[in-house]
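This briefing concerns the structure displayed below.

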Amino acid sequence: SDAQLQLRLGHMTGPVKRAPLMVKNNFHIDHIVVRSGYISANQYHGICTTIQLPIDERDDAMKVYKFQASVEQIDALCSLQFEFFPRFSKQAIAKCFVLPSQILCADTGARTLALLSSNGCLIGEFNFEYTLIKPFKHAKIGCVLNKTFQHRAAYNTSILIGHRGTGSHKSAQLPGPRRTHIKENTILAFAAAKSFGADYVEFDVQLTKDKVPIIYHDFLFPVQPFQVPINKI
């Protein structure tokens, strides 16, 4: 079973917005190297990604950077190092770190880190949001999620999966053939998928603000004229 850590630069979804980077005028940062994992004996063991700056506010403002490891390595997964580089240089001009305890204390959150130069001077701040996804465990779930049918003869050809059941109620608004009027992610859609011979159904589960799991696809719920995040309801 794996855990996944998702990072989004800046404070974008909360009530107070903050840019990813706020630095002094005499410093120019071209890219950020993000490392997830431990560094021991000058050897890095983990996952690394590079983020080019500046961030395109139209395309990349809500981009999610994902890091994944087995749940047994969740402490290492949540051990983060950020290095900030100028253009045409292999020498970082600033670094900041995140301890596992700063991530593991909550499944979602926002952090502001001090940017320290190589000589220890404060040159600015770095802001990001995170989501930590861990395997779901429950006393009544059994072991069905640990099974795979990849090598079973009955599943060596094709598997029919009902996408959100058989629901596609928005297809009535689209040109071309109609598929169904049934509302997606409903008991009726799941039952219809079974009646059509589906082996499985796929659906999306999200948590509300009070930690109640609900079946809903979109991250935002329309409350006209607004779009409200599911985790804020």
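At 34% relative accessibility, Asp-107 counts as partly exposed, a class that lies between buried (under 20% relative accessible area) and exposed (over 50%), with a 1.4 Å probe and protein chains only. The model is predicted, so local features need pLDDT of at least 70 and side-chain atom pairs count only at pLDDT 80 or more, while totals for chains, interfaces and linings use all residues. Residues are numbered from 1 along each chain as its sequence is written, and side-chain values use heavy atoms, with hydrogens and water left out.

**Overall composition**

- The protein has 3 helices and 15 strands; these are DSSP runs numbered from the N terminus, with helices being H or I of at least four residues and strands being E of at least two.
- Of the 233 residues of the protein, 31% count as buried.
- Among contacts (heavy atoms within 4.5 Å) between residues at least 6 apart in sequence, 54% join residues at least 24 apart.

**Salt bridges**

- The whole structure contains 8 salt bridges, each defined by a side-chain nitrogen of Lys or Arg within 4 Å of a carboxyl oxygen of Asp or Glu.
- One of them joins the side chains of Arg-8 and Glu-129 at 3.3 Å, N to O. Arg-8 belongs to strand β1 and Glu-129 to strand β9, so this pair ties together parts that are 121 residues apart in sequence. Both Arg-8 and Glu-129 are buried.
- Glu-125 and Arg-18 also meet through their side chains in a salt bridge, at 2.6 Å, N to O. This pair links distant parts of the chain, 107 residues apart: Glu-125 is in strand β9, and Arg-18 is in the loop between β1 and β2 (21-23). Glu-125 is buried, with a relative accessible area of 18%, whereas Arg-18 is partly exposed at 30%.
- Asp-107 forms a salt bridge with Lys-134, the closest N and O atoms being 3.4 Å apart. The two residues are 27 apart, with Lys-134 in the loop between β9 and β10 (161-163) and Asp-107 in the loop between α2 (100-104) and β8. Lys-134 counts as partly exposed at 40% relative accessibility.
- A network of salt bridges links Arg-35, Glu-83 and Lys-95.

**Nonpolar core**

- The largest nonpolar core has 29 residues, and those with the most contacts inside it are Leu-5, Leu-7, Phe-82, Phe-84, Phe-126 and Phe-128. Such a core is a set of buried Ala, Val, Leu, Ile, Met, Phe, Trp, Tyr and Cys residues joined through side-chain atoms within 4.5 Å.
- At least two residues of this core come from each of β1 (2-9), β3 (31-40), β5 (65-70), α1 (74-77), β6, β7 (94-98), β8 (108-117) and β9. The largest share, 5 residues, comes from β9.
- Beyond residues up to four places away in sequence, Phe-84 touches several residues, among them Leu-21, Ile-32, Ala-94, Cys-96, Leu-115 and Phe-126.

**Aromatic pairs**

- The whole structure holds 6 aromatic pairs. Rings of Phe, Tyr and Trp (its six-membered ring) pair if their centres lie within 6.5 Å; planes under 30 degrees apart are stacked, over 60 edge-to-face, and the rest tilted.
- The rings of Phe-84 and Phe-126 have centres 5.3 Å apart and planes at 70°, so this pair is edge-to-face. Phe-84 in strand β6 (residues 80-85) and Phe-126 in strand β9 (residues 122-133) are 42 residues apart, and both are buried.
- Tyr-216 and Phe-221 form a tilted pair, with 5.5 Å centre to centre and 55° between the planes. Tyr-216 is partly exposed at 22% relative accessible area, and Phe-221 is partly exposed at 33%.
- Ring pairs link Phe-82, Phe-84, Phe-126 and Phe-128 into a cluster.

**Strand pairing and a loop residue**

- Strands β14 (residues 220-223) and β15 (residues 226-229) run antiparallel and are joined by 4 bridges; strands pair if DSSP finds at least two bridges between them.
- A hairpin connects β14 to β15 through 2 residues, and Leu-220 has Pro-229 as its bridge partner in β15.
- Phe-203 is located in the loop between β11 (200-202) and β12 (205-207) and is partly exposed at 38% relative accessibility.
- Phe-203 and Ile-215 are 12 residues apart in sequence and 6.9 Å apart in space, C-alpha to C-alpha.
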